[in-house]
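I opened this entry to keep track of what I looked up in the two chains, and in what order. The notes follow as I made them.

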Amino acid sequence: MPHPKIAFCAILVWATANTEAMSSDHNPPNRRAEIEQHLADGKFDRASTALRELWRRETNSATAAFVATRLDQLRDQLPLTKFKLAFLRSFTVEPILPILRAEAFACGIDLEIHVGDFNTYVQDIVDADSSLYRFAPNAAILAVRAEDVAPDLTINFADRSPEAAQQAAARVARSYEQWVSSFRQHSQAALIIHALECPKPASLGVLDSQSESGQSGLIRQVNRELRRLASAQHGVYLLDYDALVARHGSEHWHDARKWQMARLPIAADHLLHMAREWIRFLVPLTGRTAKCLVVDLDNTLWGGIIGEDGMAGIKVSAEYPGAAFQALHRALLDLSRKGILLAISSKNNLDDAMEALEKHPGMLVRAKDFAAMRINWGDKTQNLREIADELNIGIDSLAFLDDNPFEREQVRAALPEITVIDISSNPLEYAAAVRDCPVFERLTLSAEDQQRTAMYAEQRQRSGAEQSFQTKEDFFRYLEQEADLEPVTDLTLARVAQLTQKTNQFNVTTRRYSEAQIAEMSKQRSWNIFSIKVRDRFGDHGLVGVAITRDEGEQCEIDTFLLSCRVIGRTVETALLAHIAKSATDRGCRRLVGWFLPTKKNAPARDFYRQHGFAEQQKNDAGTLWMLDLKSSTLSVPDWIKLNVTETATTR
Amino acid sequence: MKNEGEELSTFDEVRSIASDILGVPAASLSAASAPATIENWDSVQHLNLVLALEEKFSLQLSPEEIDQMKTLGATAQLIDSKLQASPR
């Protein structure tokens, strides 16, 4: 992944309608006012985008209340997946519900929630006419505290003889079995069961850990039974509540005072974490999952930039700092095992990237692990569309991982349906961010899931590169590019000189010229200086390319050929080169030659001459000389670019 | 979970949170706003308000302190004194 500034230049801003979503520095009150305004104007898509953005930036209880109420106004206007969720509970869940609805909304889910009464979960399940069944949920969550369903194993444990405790454990497991069976008689909805939490510390302290029939041993036994129960039934799932609490820290998870006050056992800071755990089940149940994760390469899959740092310079290994990237690779492989495809979208020369992917010893993922790749200098948004097409999945099934926050914003604005994973600038946190993302959760695994990537790799080898070329052409036509090509004039002199001074990436010789020098060269007959201006369906890019040539006998040498990174990868260079060839031919030249002088930054131009049919003439320490025989050249302006040429007044 | 924007006073932040939770415009809330004067402010919302404040200011409110939250102004004062006792 090249330097952020360079990446900035290379991006095409597609989403003119969504640029509002990109503004990042509103004060909180302004964002809310903006949303209210959109709602008042009936602009539901904009309200929705702004609401999601608000929730992303301010993820807390207060904002959840705001989001949930505005959602009520929006829900019927948007293509959200509707889902009816029922709670069977022994504790207060109401304060968590606005957060749950906001998180669900962020995943494209519109939740309608029914909450049963306190501790009536058994009646709700066994009574065929209960409010639970009348609600007809798509899923029910059985959220019961261990203290409520198994007092003999928890609060009263010290009073129980070992035999009585063992019997209590068996009784609890049997009860759950009966409830599941009863539930299934009345409903085919999914059932998510909170597993029991082990009290911390255990009733008898460290003594408890020394046998399997201590308090934690018995509770684990019950949980094992619950897990067996879930796997034996279709649509019954276990939520490992103990693991959830442990992850966030048992000492801070509970709030004894709120429990006494309001039967809310969970502290304010962790209501969000409870909501997010429920979401991990709702996402796969609603199918709002990601089927493919598209990753960037530079500074995402490895530390550093392969095009600049080379194989020896990039960081990916078992030691710091490369270890962070290996951890990410392991997270990606875990996704693969669940049937999630991996793909690459990277601005790089293909051979540089492939060499690292195939040969770098630190890589734990190889080319074969990726079902699709777009490694080129083109637009990332277009790459993502093409990847979705190639893999035959919807754009909304993609997730995107890129270290560059600007790239992430661009993709978010242009393709709001994609899940863009937020990561910090610290690679040590990348793996966790991927693992934490709910769109990768799955509740079932099939044989196809496990072989999916291999199937795609096979398919890719069969169909080859033709597929992607066709799509590229469609993209170029779609752009509706129009270019004005003319010799340098007084008006364009400053800009032409500026481009020679500023342009580093797509620049074959990187020769820097002042305005005075350009003016001087343009006066000489053997020198020709061309500029090209480009417009497309999204706007005017201005003067973005310069070519300077010098005639010497039958040979025309390209002294300078450069293109602003704004228009790399759209065949504008082909149009400019074709015109140079034609005008050189018209002037009586037989050969067109040009040097490529490599620098740290001009990798994008390295294959320019080769790709346009030039032959390597000479190679030395400075670079490579390329030659095109003008008589046999088939170079032409691509037909998807409308080229307007202004000839010079004086010709030979 | 921080909001962006300039530094606000404790009362401003309390009011902003109350506005979201109670579903009324911040401009209509004042230091004197109380459950008696705001229709939406029932015991359920009071709990939600408490939780949002605990989350925002990283503190825990005891039942006695929650009882003292009779108006938004009193709430802000309570929070200020707690923050001064142990700065966040």
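I began with burial in chain B, where 31% of the 88 residues are buried, a residue being buried if 20 or more other C-beta atoms, placed from the backbone, lie within 10 Å of its own, exposed if 12 or fewer do, and partly exposed in between. I note here that this is a predicted model, in which local features need pLDDT of at least 70 and side-chain atom pairs count only at pLDDT 80 or more, while totals for chains, interfaces and linings use all residues. Residues are numbered from 1 along each chain as its sequence is written, and chains are lettered from A and ligands numbered from 1 in the order in which they are written.

I then looked up the secondary structure of chain B and found 4 helices and 0 strands, where helices (H or I, at least four residues) and strands (E, at least two) are DSSP runs numbered from the N terminus. For the overall dimensions, I noted that the C-alpha atoms of chain B fill a box of roughly 35 × 30 × 20 Å along the principal axes. The radius of gyration of chain B is 12 Å, which agrees with the value near 12 Å for a compact globule of 88 residues; this radius is taken over C-alpha atoms, and the globule rule is 2.2 Å times the number of residues to the power 0.38.

Just after α2(B), B:S58 takes a positive phi of about 50°.

I followed this to the interface, where 20 residues of chain A are in contact with 18 residues of chain B, contact meaning that the C-beta atoms, placed from the backbone, lie within 7 Å. On the side of chain A that touches chain B, α5 (61-74) and α14 (256-262) each supply at least two residues, and the largest share, 6 residues, comes from α5(A).

Last, I looked up chain A as a whole, which has 27 helices and 19 strands, and in which 44% of the 652 residues count as buried.

Methods: Contact = placed C-beta atoms within 7 Å.
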